[in-house]
Amino acid sequence: MKLMKSLLLATTAVVLVAGAAQAKTLVYCSEASPAHFDPGPLTGGNDFDASSRTIYSRLVEFKHGGTELEPGLADSWDISADGLEYTFHLHPGVKFQTTSYFTPTRDLNADDVIFSFERQYKEGNPWLTYLPDMTYDYYVGMDMPKYVKEVVKVDDLTVKLVLTEPNSPMLANLGMDFASIVSKEYADKLQAAGTPELFSTQPIGTGPFQFVDYQLDSTIRFAAFPDYFKGKEKIDDLIFAITPDAGTRAQKVLSGECDVAPYPNPADVAGLKANKDVVVLEQAGLNIGYMSYNTTQPPFDKPEVRHALNQAIDRNAIVEAVFGDAGAVLAENLIPPTMWSWNKDVKADAYDPDAAKKVLEANGVKEIQLWASDRSRPYNPNFVRSAELIQADWAKVGVTATINTEEWTKYREDGKKADRPGAFQIGWTGDNGDPDNFFATLFSCSAIGVSNYSSWCNKDFEDLIQKAKSTSDQTERAKFYEEAQVIFNKEAPAFLLAHSQVYAVTSKRVTGYQMDPLGIHRFDGVDVTE
């Protein structure tokens, strides 16, 4: 009998060890720390990678590697003939994640969808400002308060979004990160306990991975959600190793410490491609690197001054120095040439330092503040280096630039302030494949203080982009956007640099990982071989 028990115990131990050995872990070298884990008020791609694309789901989703929509939490939807009502039919039986800090008592229903949107705009909702100084930048910047009249519960599994007027990009907007669906039950529990701030640090969603823990500026741990409504992921444990330095990220893949790393140094791309131990993925970025002038402050309130500052900059030299052989296309317009409505007849300011100097001297422009983040981004892998080159170019025309460098999260917060001085380097990767996501999100009047770093509000430009939203005919929409590009070029609220090629490095044991034109790093559907 004792022998039988010993054999059983030994067999059980072998099974447990084997099971543990089969657990699959993927390590992603993330480029920056997230601000927190509530996607509603967030704006950074690294924030979304660590929250909305791991922990949460949306009514509609973008297919892997593209901008085409597919069902998410909604199995189907109907749009009224007048374009004012979107009725979503929710997938039954969707579970919220169970963690050490929350156990849900019900499945996802219409109440969660309504709460997810109302918290971002409804006056009097305690979740509108549950964190100090918070704003729902995407919701506001994309004019959602203007277009959303109400969100109505038809029944537990049916929700109706009612608009004030037609809005062509609306469905694509709902696939974006800010539209992630959160748990009302969890929010109510935290509110009752007087700890609403935990909503941003102890997240609960319906997505493919659930939050485990976060070591500040070091490591984020996730586990596959066993009750994920699309089926448990092949990866058991997902780890984000926060690694700001691009060279270190690539080295960690080479050494086996990381499985996936985004945005390698442009100078390292050729060597990585030649290395047979790793895979280098690449794609033309749906992005723009640019520099916003604060158009509310003299002398940058004058278009001629902004044009002159642009003319003083040698864009070719910056692209060669910053992007190297990795590749980037000089930007003529705000949107990349691969996007519909790109205006081929619009040309950015040509390099002409002599003409620039005359205008700048005539306007008494002698000094300027020039901002540069300490982080590498796909649309600008080295803000500091590009700032140094711009500084040198401006010095040649008699303008002294002082470079201000800040950490990425603080940088973006300070950049949107109304009194921010000078020129602010920034950029954008499209969220949904629609031109509205560039024109309105970055330069609409409602985006001032949110994502319009130029504080630029132009009536003619605004009228055109609003007209483009209200028609469903893409040919007509393209005409409006083409005209808007002419006005943008004339007014020059920003210096346009380039549209970059985007890269990621993976180990050979990774399968199913795809580059994404929307700058998303997704790990649902990804596997690793041991």
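I looked up the bridge partner of Ile79 and found Tyr86, in β5. I note at the outset that this is a predicted model.

I then followed the pairing of the two strands. β4 and β5 (residues 85-90) run antiparallel to each other, and I recorded 5 bridges between them.

Next I traced the sheet to which they belong. I recorded an open sheet of 4 strands, in the order β4-β5-β7-β6, with antiparallel pairing. I asked which strands stand at the edges of this sheet. They are β4 (74-79) and β6; each has a single partner strand, so one side of each is left without a neighbour in the sheet. On average, neighbouring strands of the sheet are turned by 20° against each other, with direction ignored.

I also checked what packs on the sheet. Helix α3 (residues 110-118) does so, touching β5, β6 and β7 (158-163). I noted an angle of about 170° between the direction of α3 and that of β6.

**Val148**

I turned to Val148, which is placed in strand β6 (residues 148-155).

**Arg58**

I located Arg58 in the loop between α2 (45-49) and β2 (60-62). Arg58 counts as buried because its relative accessibility is 3%. I then looked up what Arg58 touches, not counting residues up to four places away in sequence. The contacts include Ser52, Arg53, Gly72 and Leu73. Also among them are Leu174, Gly175, Met176, Asp177, Ala179, Ser180 and Ile181.

**Nonpolar cores**

In soluble globular proteins, nonpolar side chains tend to be buried together. Here the largest nonpolar core holds 141 residues, and I asked which of them touch the most other members. They are Leu26, Tyr290 and Trp394. Strand β18 (residues 494-507) supplies the largest share of this core, 7 residues. Apart from this core I found another, of 15 residues, including Ala241, Val269, Ala326 and Tyr503.

Notes:
Residues are numbered from 1 along each chain as its sequence is written. This is a predicted model: local features need pLDDT of at least 70, side-chain atom pairs count only at pLDDT 80 or more; totals for chains, interfaces and linings use all residues. Side-chain values use heavy atoms; hydrogens and water are left out. A nonpolar core is a set of buried Ala, Val, Leu, Ile, Met, Phe, Trp, Tyr and Cys residues joined through side-chain atoms within 4.5 Å. Buried means under 20% relative accessible area, exposed over 50%, partly exposed in between (1.4 Å probe, protein chains only). Contact means heavy atoms within 4.5 Å. Two strands pair if DSSP finds at least two bridges between them. Axes are lines fitted to C-alpha atoms, for helices over the stretch in contact, and angles run from 0 to 180 degrees between N-to-C directions.
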